[in-house]
Amino acid sequence: MKHILLFRSGIIDQSDQKALNRAYEDLQVKYDDANNDRDAVIYATTQLESMLSSSILVKFLQKKSQLYTVFSILFYMKREKIELSDIIVQRLEDFVKMYGIFDNDMNIDGKVTRNEKDIFDNIKKYKLASSEGLNKQINRMIRFNTLKNFLFNEDPEYINSQKSLLKKMKDKLQGKLIETVENSLGQIEKDN
């Protein structure tokens with residue numbers, strides 16, 4: 001029922017059961033759109049299933065907040081008649097990689113373009129919205145709008161910025177790991 005509610009009403013506050021109870025009451029009397037709703041849920045589930053060949057997406061989608069966000073995107077795609085393509089799946093994988101690399105202490109200022117900074121700041125907002133008040137409508141909207149913009153922004157400069165930011169974030173992570181290993185080795189030598 002929650003998937004049908006998401007498709008019919010979009011992102012709503014579900015911090016309590018009021019919306020779900022109201023939907024049950026409304027649909028109990030007359031449910032003319034049952035076939036359309038069923039088709040939408042089947043569509044989203046089928047599209048989601050096709051994404052599960054990617055191990056990085058499987059891990060990401062194991063979290064309820066991420067699954068909810070991706071279902072919201074899939075229902076958006078259904079309404080807007082956007083076909084799931086390899087390009088969209090690749091962009092989602094890139095987003096998930098950035099999300100996984102992101103760390104609140106990560107600082108990339110001064111080394112990025114304006115688009116890269118905007119993308120980085122949006123990932124930061126997405127991460128924050130994924131960690132506090134998961135059922136709050138505002139956090140769900142932040143996650144949805146951030147991911148929607150990341151996946152469907154067709155500006156070539158923006159797309160290039162996604163790719164270059166991912167590389168910079170990977171480089172930053174690698175540098176941090178090397179520094180940690182060097183510090184650990186230095187401490188071991190000092191202790192011996």
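This is a predicted model: local features need pLDDT of at least 70, side-chain atom pairs count only at pLDDT 80 or more; totals for chains, interfaces and linings use all residues.
Asp-121 is partly exposed at 24% relative accessibility, and Lys-117 is partly exposed at 26%.

Asp-118 and Arg-114 form another salt bridge, with an N to O distance of 3.3 Å. They too are four residues apart in helix 7, about one helical turn. Here Asp-118 is partly exposed at 29%, while Arg-114 is exposed at 58%. The structure holds five salt bridges.

## A bridge between helices

Which residue does Lys-168 meet in a salt bridge? Its partner is Glu-116, at 2.8 Å from N to O. This pair links distant parts of the chain, with Lys-168 in helix 9 and Glu-116 in helix 7, 52 residues apart. Lys-168 is partly exposed at 31% relative accessibility, whereas Glu-116 is buried at 2%.

## A look at helix 9

Helix 9 has 36 residues, which should span 52 Å at 1.5 Å a residue; its end C-alpha atoms are 53 Å apart, so the two values agree. Its buried residues include Tyr-158, Ile-159, Leu-165 and Met-169. The buried residues of this helix pack against helix 6, helix 7 and helix 8.

Glu-154 sits in the loop between helix 8 and helix 9. This residue is exposed, at 57% relative accessible area. Beyond its neighbours within four places in sequence, Glu-154 is in contact with Arg-91 and Ile-159.

Note on methods:
Residues are numbered from 1 along each chain as its sequence is written. Side-chain values use heavy atoms; hydrogens and water are left out. Helices (H or I, at least four residues) and strands (E, at least two) are DSSP runs, numbered from the N terminus. Buried means under 20% relative accessible area, exposed over 50%, partly exposed in between (1.4 Å probe, protein chains only). Contact means heavy atoms within 4.5 Å. The expected span of a helix is 1.5 Å times one less than its number of residues. A salt bridge is a side-chain nitrogen of Lys or Arg within 4 Å of a carboxyl oxygen of Asp or Glu.
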